[in-house]
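Thanks for coming, everyone. Let me put the model on the screen, and then we'll walk through it together.

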Amino acid sequence: MSTTTTSPAIRVSGVTKHFGSTVALRDVDLTVSRGEVVVLLGLSGSGKSTLLRHIDGLERPTEGTVEVLEVQVPKLKATELRRLRGRVAMIFQQFELVPSLTVLENVLTGALAQLRGPRLGLWAYPRSFRQQALVHLDRVGLLEKAYQRADQLSGGQQQRVAIARALMQAPEILLADEPVASLDPESSDQVMRLIREIAADDGLTVVCSLHQVDLALGWGDRIVGLRHGEVVLNTPALGLSKEQVMEIYGRVATTTTELTAIEAELGIAELTGARRDGASAGADGGQR
Ligand SMILES: Nc1ncnc2c1ncn2[C@@H]1O[C@H](COP(=O)(O)OP(=O)(O)OP(=O)(O)O)[C@@H](O)[C@H]1O
């Protein structure tokens, strides 16, 4: 009888995280299957980055457990954590490229964990790595930019370089923390499509935080909504409507100003008048 791996890629159980008196996560459960693409949706401060940082072992939970690729993350020693991070790549809102280096060198830095010692300059990397980096640049559509300085590229292009750098790790999981928050709508769309394509082609597990409902609905397999550090929504993206998502976020708003702020942050400009009136009315449209 053959055995197949059925364990999830990520299993977060009962995670609570305190930063002093701030409760950033409250009893969070999240299970992500291998190959699944999950969106973490939430307003600023809802705990999205903190949750991603727990999955990557950058934070330890105050309570609860985090298992990634069958490894208990908070228990890992530094060397074991480094090994796990080789299997989990992360991209960020601000791209985190080295501006003065060429695009190709930036991509190559994604392989540093696989090499011993520092690497200064392109020729310090083995030829096979340079070839691999060029393949990844081709995949993200930036082969012709390989020898330009990273800071000469547009925001969208820089995020695509960051994706190519992540691919150098040959990761099993890709974590993306608000990857398009600094980009215009067209570049956002391009970057999100690229991540989705790569995830499908490589069987990558993806957890991506976003705050725009429109992007989230058209993109992930499943949407997990966070509010004040708690999971308030965990459902397949297919068939989920904007109104359902808004309803969840609308419940926290007690005033029209608050509702307008939520609307703006979630990228929704069409909250109903009735909902708005309800919010203005205070208790009726506020916390239920
Ligand atoms: N290192 C830290 N020290 C103290 N408080 C923190 C720290 N990291 C996060 N927090 C707090 O925890 C809460 C959740 O923050 P987090 O950054 O996870 O939210 P977020 O949903 O990712 O928001 P944003 O989209 O603005 O980054 C916030 O109240 C934040 O101020």
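This is a predicted model: local features need pLDDT of at least 70, side-chain atom pairs count only at pLDDT 80 or more; totals for chains, interfaces and linings use all residues.

Strand S4, residues 63–68, pairs with S5 in the antiparallel sense, over two bridges. Now widen the view. S4 and S5 are part of an open sheet of four strands, in the order S2-S1-S4-S5, with antiparallel pairing. S2 and S5, which covers 71–72, are the edge strands, and each pairs on one side only.

Next, the other sheet. Here six strands form an open sheet, and the order is S6-S7-S8-S3-S9-S10. The pairing is mixed. Why does one side of S6 and of S10 have no neighbour in the sheet? S6 and S10, residues 230–236, stand at the edges with a single partner strand each, so one side of each is left without a neighbour. From one strand to the next, the twist averages 15°.

Let's look at S7, residues 173–177. Is it buried or exposed? Five of its five residues are buried. Ile 173, Leu 175 and Asp 177 point one way, while Leu 174 and Ala 176 point the other way.

S7 has strands on both sides in that order. With S6, residues 88–92, it pairs in the parallel sense over five bridges. There, Val 88 is partnered with Ile 173. S7 also runs parallel to S8, residues 205–210, and five bridges join the two. On that side, Ile 173 is partnered with Thr 205, and Asp 177 with Ser 209.

Now the helices. H1 packs on this sheet and touches S3, S7, S8 and S9; its direction makes about 155° with that of S8. H6 lies across S3, S7 and S8, at about 160° to S8. S7, H6 (residues 185–202) and S8 together make a right-handed β-α-β unit.

Last stop, the ligand. Which element gives the largest share of the shell around the ligand? H1 does, with three residues. S2 (22–32) and H1 (48–55) each supply at least two residues. Residues around the ligand include Phe 19, Thr 22, Ala 24, Lys 48, Ser 49, Thr 50 and Glu 178. Several glycines are there too, among them Gly 42, Gly 45 and Gly 47. By class, the shell has two nonpolar, eight polar and two charged residues.

That's the tour. Over to you.

Methods:
Residues are numbered from 1 along each chain as its sequence is written. A residue is near a molecule or strand if its C-beta atom, placed from the backbone, lies within 6 Å of it. Ala, Val, Leu, Ile, Met, Phe, Trp, Tyr, Cys and Pro count as nonpolar, Asp, Glu, Lys and Arg as charged, and the others, Gly among them, as polar. Two strands pair if DSSP finds at least two bridges between them. A residue is buried if 20 or more other C-beta atoms lie within 10 Å of its own, exposed if 12 or fewer, and partly exposed in between; C-beta atoms are placed from the backbone. A crossover is right-handed if, with the strands pointing away from the viewer, the path from the first strand over the helix to the second runs clockwise. Axes are lines fitted to C-alpha atoms, for helices over the stretch in contact, and angles run from 0 to 180 degrees between N-to-C directions. Two residues are in contact if their C-beta atoms, placed from the backbone, lie within 7 Å.
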